[in-house]
Amino acid sequence: MAYGGVAVSGELSYCQQMIDSITGYAVIRLDGKGVVQSWNPGAERLTGYRAEEIVGRPFALLSMPEDATAGRVEHELRTAAETGLCETDGWRARKDGTRLWTSVSLNLMRGPDGQPIGYVAVLRDLSERLQEQVAAIGMEQMLDSITDYEVIRLDTGGLVRSWNPGAHRLKQFTADEVLGHHVSMFYAEEDVRDGLAEREMAAAVRDGRFETEGWRVRKDGSRFWANVIISPIRNAENELIGFVKVARDLSERREQEQLVQRQRDEILELSTPVIQVWDKVLVLPLIGTLDSMRAARLTDGLLERIAADQAEVVILDISAVPAIDTDVAQHLLKTVEAARLMGAASVLSGVRPETAQAIVHLGIELGTLRSRNSLRDALQLALHIVKSGVNSGPVVERETADV
């Protein structure tokens with residue numbers, strides 16, 4: 001018969017060698033009552049039990065105490081007996097009392113006559129996979145809790161592969177509407193034509209990180225001003241496998257900044273008013289300190305008024321400027337030169353004794369700029385210039401006697 005003689009014994013020996021060579025899985029034979037009958041090296045590696053320590057003992061020895069009390073192994077054996085197979089994942093106990101998360105496949109064995117003769121239990125350690133799943137769940141929960149920021153993953157081609165609640169709140173799209181679509185769907189049409197998304201990802205790969213601010217588009221077509229950070233994702237071999245993209249809405253902040261800038265511009269305009277006091281005569285009263293930004297606005301505003309009023313004389317009144325230093329003097333001289341190019345002569349007024357001393361002490365050369373110590377005297381000089389027609393080029397005489 002096929003079951004007698006050396007041939008059968010040799011085949012069984014070969015099968016035993018195969019089972020003993022499996023070290024990544026526990027392959028255990030149980031009798032009909034769930035008592036361990038064989039134990040392979042993989043089982044010893046997973047549980048810490050040697051064969052002589054467990055053969056002849058119940059398979060339930062590997063169960064957690066609460067599962068043993070609840071009769072879990074008996075339930076699994078009954079299921080396998082009724083259906084031929086029972087597969088479960090759960091905690092099992094090692095010899096040292098620690099636990100491991102395992103996948104258990106319990107298979108019913110039948111003899112030559114088809115009658116049940118026991119079971120084969122195959123166990124696999126899934127502890128590492130469980131940790132990864134827990135970490136992934138934790139990461140997903142963490143991302144789901146972020147509602148003020150868009151945090152999404154892109155593949156190497158820029159296709160959206162993940163979508164968090166913050167992204168939905170920011171851009172109004174659901175995950176089903178964006179997953180698998182290119183990230184450029186959130187860009188303005190002109191930026192799509194220019195290949196902005198591709199250039200941003202290329203910069204992230206090149207520099208390790210890319211950050212920018214710009215317009216992005218919501219589902220309803222409205223635009224918002226976004227801060228965007230794109231970072232490459234690399235595997236253990238340092239190969240690019242995708243990108244993480246973080247974005248937030250800065251529209252409100254940008255509006256506030258623009259409002260502050262407008263208010264600052266208005267204040268600058270109020271602090272540097274150009275006043276027409278006579279036909280072809282303008283007065284620019286300077287109040288407070290004079291920095292580069294304010295000086296630039298001062299010059300722009302003055303040149304516009306010179307052109308609009310066809311002014312021939314400009315009086316720069318510095319009586320309300322607290323101090324004159326080299327920088328302030330340079331700003332004034334640049335304004336005077338710009339006015340000269342527009343065909344207007346300049347007169348400096350409001351030069352107090354301490355101001356004159358500071359100018360001399362600092363060695364500031366005002367060139368051909370004429371000065372007066374009072375606005376009244378400066379106005380008289382301006383009217384004289386207009387009436388005499390001396391309005392082309394600088395006034396070459398510098399009268400310091402009045403200072």
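**Entry 1: the mixed sheet**

I began with strand 11 (residues 281-287) and strand 12, which pair in the parallel sense over six bridges. Here two strands pair if DSSP finds at least two bridges between them. Strands (E, at least two residues) and helices (H or I, at least four) are DSSP runs, numbered from the N terminus. I reminded myself that strands of a sheet pair through backbone hydrogen bonds, either parallel or antiparallel.

Before going on, I noted that this is a predicted model: local features need pLDDT of at least 70, side-chain atom pairs count only at pLDDT 80 or more, and totals for chains, interfaces and linings use all residues. Residues are numbered from 1 along each chain as its sequence is written, and side-chain values use heavy atoms, with hydrogens and water left out.

Which residue is the bridge partner of Val283 in strand 12? I found Ile315 there.

Five strands form an open sheet in the order 10-11-12-13-14, and the pairing is mixed. Strand 10 and strand 14 (370-371) are the edge strands, and each pairs on one side only. Helix 15 (residues 375-388) packs on this sheet. Helix 15 touches strand 10, strand 11, strand 12, strand 13 (345-349) and strand 14. A contact means heavy atoms within 4.5 Å. The direction of helix 15 makes about 175° with that of strand 12. For such angles, axes are lines fitted to C-alpha atoms, for helices over the stretch in contact, and angles run from 0 to 180 degrees between N-to-C directions.

**Entry 2: two residues by this sheet**

I looked up Glu312 in the loop between helix 12 (292-309) and strand 12 (313-320). Is Glu312 buried or exposed? Glu312 counts as buried because its relative accessibility is 15%. The cut-offs are under 20% relative accessible area for buried, over 50% for exposed, and partly exposed in between (1.4 Å probe, protein chains only). The C-alpha atoms of Glu312 and Lys280 are separated by 5.2 Å, although these residues are 32 residues apart along the chain.

Trp278 sits in strand 10 (residues 275-278). At 51% relative accessibility, Trp278 counts as exposed. Together with Ile275 and Val277, Trp278 forms a nonpolar surface patch with about 290 Å² of accessible area. Patches are made of residues with over 30% relative accessible area and no salt bridge: like charges are joined within 9 Å, nonpolar side chains (Val, Leu, Ile, Met, Phe, Trp, Tyr) within 5 Å. Accessible areas come from the Shrake-Rupley method with a 1.4 Å probe; for residues, only the protein chains shown count as cover.

I then turned to an open sheet of four strands, with the order 6-9-8-7 and antiparallel pairing. Its edge strands are strand 6 (150-154) and strand 7 (210-217), and each pairs on one side only. Neighbouring strands of this sheet are turned by 30° against each other on average, direction ignored.

How many bridges join strand 6 and strand 9 (residues 240-249)? I found five, in the antiparallel sense. Within strand 9, Ala247 is the bridge partner of Glu150. Helix 10 (residues 196-207) packs on the sheet, touching strand 6, strand 7, strand 8 (223-234) and strand 9. The direction of helix 10 makes about 165° with that of strand 7.

**Entry 3: salt bridges**

A search of the whole structure finds 20 salt bridges. Each is a side-chain nitrogen of Lys or Arg within 4 Å of a carboxyl oxygen of Asp or Glu.

I checked Arg94 and Asp125, whose side chains meet at 3.8 Å, N to O. This pair links distant parts of the chain, 31 residues apart. Arg94 is in the loop between strand 3 (85-93) and strand 4 (99-110), and Asp125 is in strand 5 (residues 116-125). Arg94 counts as partly exposed at 23% relative accessibility, and Asp125 counts as partly exposed at 32%.

Arg50 and Glu52 meet in a salt bridge at 2.9 Å, N to O. Arg50 is partly exposed at 37%, while Glu52 is exposed at 61%.

**Entry 4: the whole chain**

I ended with totals. The protein chain has 15 helices and 14 strands. Buried residues make up 37% of its 403 residues. The chain exposes about 22,600 Å², and carbon and sulfur atoms supply 53% of it.
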